[in-house]
Amino acid sequence: MIPSESHATVEENEAPVKAKRSKPEMAGGEEEVYHPVKLSRSDLYRPPTAEELNQLKETESLFHCSLLKMQMEELLKEVALSERRKQQIDSFIQAVTKLLQTVPNSSDVELSDLSWLSSAVKVPFLLVPKTTKGKFHMAPPASVDLIGSYPLGTCTKPRIMVDLAVTIPADVLHPKDVLNQRYPRKRALYLAGLAQCFASSSEIGSMRYSCLHGNRLRPILLLTPPGKDSSSFTLRIHVCPPPGFFKPSRFNPQRNNIRTEWYSGLQNPQCGKISGEPPTPHYNSSVLGDLLPRAHLQFLSAVSSQCSAFADGVALLKVWLRQRELDQGTGCFNGFLASMLLAYLLTTHRISNSMTAYQQLRNSLNFLASTDLTVNGISLARDPDSTPSLAEFHTAFQVVFVDPSGHLNMCADITACTYKQLQHEATLSMQFWDNPTVDGFHSLLMTPKPMIRTSDHVFQLCELVKLQSSCKKMNLLSELMDHSGNYVHTALPFIVSLLQRGLGQRIHLLTHSLSPDPEWSVESEAPKHRAQPPLAFGLLLSPELAASVLERGPAADSPMAAEFRQLWGSRSELRRFQDSSITEAVLWDGESMCQKRLVPRQIITHLLQLHADIPESCMRYVGAMVDDCALQVPSTGDEESLLVVQSYDDLSRKLWRLEGLPLSITAVQGAHPALRYTQVFPPVPLKVDYSFFDREKTSRSLVPKEGKPCPAYITPITVICHMEGSGKWPHDRLAIRHIRTAFHICLGELLKKHHNYTCRPCPTHLDVWKDGLVFRIQVAYHREPQVLRESVNAEGLLIVRDNEEAQALEMATIHKPLLTSTLHGLQQQHQCFGGVCRLAKRWLGAQLFSDAITEDTTDLLVASLFLQPAPFTPPGSPQVGLLRFLCLLSSFDWRDNPLVVNLNNQLAEIKNDFMASRESLPVLFIATPKDKKQSLWTKRAPSVQMLQRVVMVAAESLKLLEHQLMDRDQIQDVKVVMRPPLDAYDVLIHLNPKQVPLLTQAVDPPTVTFSRGIIAGKVAQSGGALPVIDYNPVTLYLAELRDAFGELALFFCDPHGGTVIAVLWKPKPSALPTACVVVSPSLQSFLISLTLEVTGEEANTIPNIEAILEDFWVMGKGLIKSVEARTEKWSF
């Protein structure tokens, strides 16, 4: 049979597939011109046909909107093969088929005799044991058939694989070849003979060996066409026995087909008794799988002919699987299984033949989510009484899905762990499918879910050769024989089961990577099992229990106590608890939250060492690598944030209880990131070294001594104190400010009197020194913003007009406190929310973007990852949260979509309003329940150019960071994503480290040998002199630079200990005056020299760069170490 001819005949009888329209050429070589079709009035306004009405009804009932239907249709067009590609495939198949007919005959030789084979071609098989009985000779194939997805019409892009079954002649095989790997070895030899035949042909581009889904017993030959089409598709050559050559009953999962004595070389005490041999179900299924591909194609073709949308349904299911990395590798749920699953649902009438591809995908995912094939397997067998029962399959395999023959478990290589992952993904997809606030199409089918971005913690087993000793330790000789010596896949299910027992309720899900199909040159030996990439495992943590340091076991006299001790070994010990019970328990190390997050690592390391003989040196745990580097272990901010919140709560209670105020307090609200656990480096209680300071004469406050390094930075923690409304409040803005100042004085006096807190009142706020922290209390009057908006015109009429002053006051006294309390609540629900925010802000600051993406904006962006996590679950660790934050920045469509942060689940559809006024809205638009139309948090920043830069750097950082975390061969330095590229900047202003107060927070902090006026010791709760508050020379210098040169340049600096200010000249500075006066802190005036350039009748002023650089130096005298000009040609 020549497949290309029969396939072409089928295509001629089928309806043509739509292809991209090209312009046909006329006979004279002129191109045909297309004109719009003119419709009559009756045609233009004719009522819709029945078919059109059905489509409209379907769209209305099945889809959120017509857009989703169109997206599905476009996706199907995108993954379908074009007619041109099909022609190329058919042509190549025809060429290969002709070559196969020229395979020469050879004489019979022993299986171990390879003298007939050229030295340039190797056998794609690991010959362990070395020899087995049997003879072999080459002969032309009995038949060549197309199998798989291509003839079925379910082959999809981008990874186009076309399968060709080459049948070994019957005289090459023997009915007893199923024993002791004789058939798999003959199969490999025949494949090597085919490779030798193809080697000299110019019609073959490249030729490599591989294994079908990683199964070393089923090697295949990969062929690509020559020339420019070499990467467009791959032809896979499968070698198969003649149909029906082996009896299916020989492959019953309880039968043995590999003798222990032959495999191990040891005398079997049950020698000669087959009943004493262990069953070899995986080996049996590998051989049986070669017998049935043609029957499977016939079955699927029959099902497909009854359902017009079958191919599209399979295509959608394959895309869904590909995005979740479940469709490739050893033990994957591949496209063949997807087709069989859909066929099962159709034949059992769970879905009807008239359903659309969309409905088929939905019902398939619903079935996967609700059906556990590890417990209740399914079968396509038409006559189940004459075939092995499902119970027999369940005793041999972890996942059971029996094919139409009733003899083959198609899920033989799938572990229970992989199927649980498949179930979890299907359940997750069904949860957000009908959610109108979620973009279901992108979440389902367009968002990739690599393990490092999906799992909360990831670890790798690197030296896979150690799994050989694991098989010995766990006594898995029979299983190793069944897997033909593949110790990696033999040990994997047992290791997964061990870890699941140990981790218990600490995790929701344990997943493992699917080893990629090995590929190697036909001139090379088959790679060893240890040559595959490290085995990766992913943990989806249960946030309530994952960080617990205590593993409490059964009571000491319980029958389960022995099992508990056997699992934990020497770590298990008897402990008495407060309820007087005495139980077995395991206590893990962990004091800080950062250490407690890594308790799963301690558990995994201990169990693998104890039960699988895998040392800790072979394990690479990447669960919190970024946290450790970016947030400076041993503490990553959780404990410090808690101390700040506790101190604030105490201050809030004391403010509420104050007596003697003219008006009562109605609300005390925090308005600082530290109070919502999102401050990158939360304020820490400080004990001041008084010898480092002088005293200010009037207030006796501390003042830094001249010549000393800049004192430690003390962050004021903002607290908004709302006073009750009263008719006594004035209606004049200046009078209100005076009243607020009086309240600050009064509050300070009362706090000093009742609690001995050192206070300093100011017109705008009151600073309170408490527990080594500074709280900045701001009194607020709820009507003040309205007063600021009111003014009286010349005619005496009252005019209400919004202005920046009123907006700023509302932001400070209303919006920020509300945001702080809301995000504090989110932190209570998701313990790692604050950690993700801190990492995200640290990355933004390190990349010099903290002015473009402000702290509040960052917190809202991170909140969206927890509130709308689809297609993921909410992040369970700071590291995975950072990866998703970078993914959000780099992949979200900021131009055409608002980012909805549904804080209280109160937001409905806002897309239409957004699109209607898109041009007038901020480039990065964030919608919250209290801010649906304006995006208050992003009004001022970022600009279009800065957002583009952020998106680009985020994409590169994500790619680099994931590569660092998953590739053990990389230099392990994840800080590389925190180091900004400075090549793009024109000027670098290097700062004196002694005058940078936050130097210890830098990404690469230098060794500090000087004091900043802080000493170790217990911090007093009250009293003491007020230290220098909110003094950061770098911030003040930056503000002066932007005020003076903001028209000419942009200034960037890492707020967390950055020692470089990067300057970027603006390409088109706005109109400049002939002179600009800049006032420095010392009130000296500097004149920026401007060069006058005359061109014809026009006169232009050009900035004098040398003078500006000199002004940079003069303005920052004492703070600046050097000014480095990086460019020779300025872009003015």
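These are my notebook entries on one predicted model, from the whole chain down to single residues.

**Ground rules.** The model is predicted, so I take local features only at pLDDT of at least 70 and side-chain atom pairs only at pLDDT 80 or more, while totals for chains, interfaces and linings use all residues. Residues are numbered from 1 along each chain as its sequence is written, and side-chain values use heavy atoms, with hydrogens and water left out.

**Whole chain.** I counted 35 helices and 38 strands; helices (H or I, at least four residues) and strands (E, at least two) are DSSP runs, numbered from the N terminus. Of the 1132 residues, 52% count as buried, where buried means under 20% relative accessible area, exposed over 50%, and partly exposed in between (1.4 Å probe, protein chains only). The chain exposes about 52,600 Å², and carbon and sulfur atoms supply 52% of that area. Accessible areas come from the Shrake-Rupley method with a 1.4 Å probe; for residues, only the protein chains shown count as cover. I also looked up contacts (heavy atoms within 4.5 Å). Among those between residues at least 6 apart in sequence, 72% join residues at least 24 apart.

**Helix α12.** This helix runs over residues 335-347 and has 13 residues. From first C-alpha to last it reaches 18 Å, close to the 18 Å expected at 1.5 Å a residue; the expected span is 1.5 Å times one less than the number of residues. Eleven of the 13 residues are buried, including G335, M340, Y344 and L346. I noted that their cover includes α6 (149-152), α10 (293-306), α11 (310-323), α13 (357-370), β8 (378-379) and β9 (401-402).

At the N-terminal end, N334 caps α12, with a side-chain oxygen 3.1 Å from the backbone nitrogen of F336. After α12 comes H349, whose phi is positive, near 60 degrees.

**S286.** I found S286 in helix α9 (residues 281-291). S286 is buried, with a relative accessible area of 6%. Leaving out residues up to four places away in sequence, S286 touches N215, L217 and R218. With N215 there is a side-chain polar contact of 2.8 Å; the term means a pair of N or O atoms within 3.5 Å, where within protein one must be able to donate a hydrogen and the other to accept it, and residues adjacent in sequence count only if both atoms are side-chain atoms.

**Strand β27.** I placed V800 in this strand, which covers residues 798-800.
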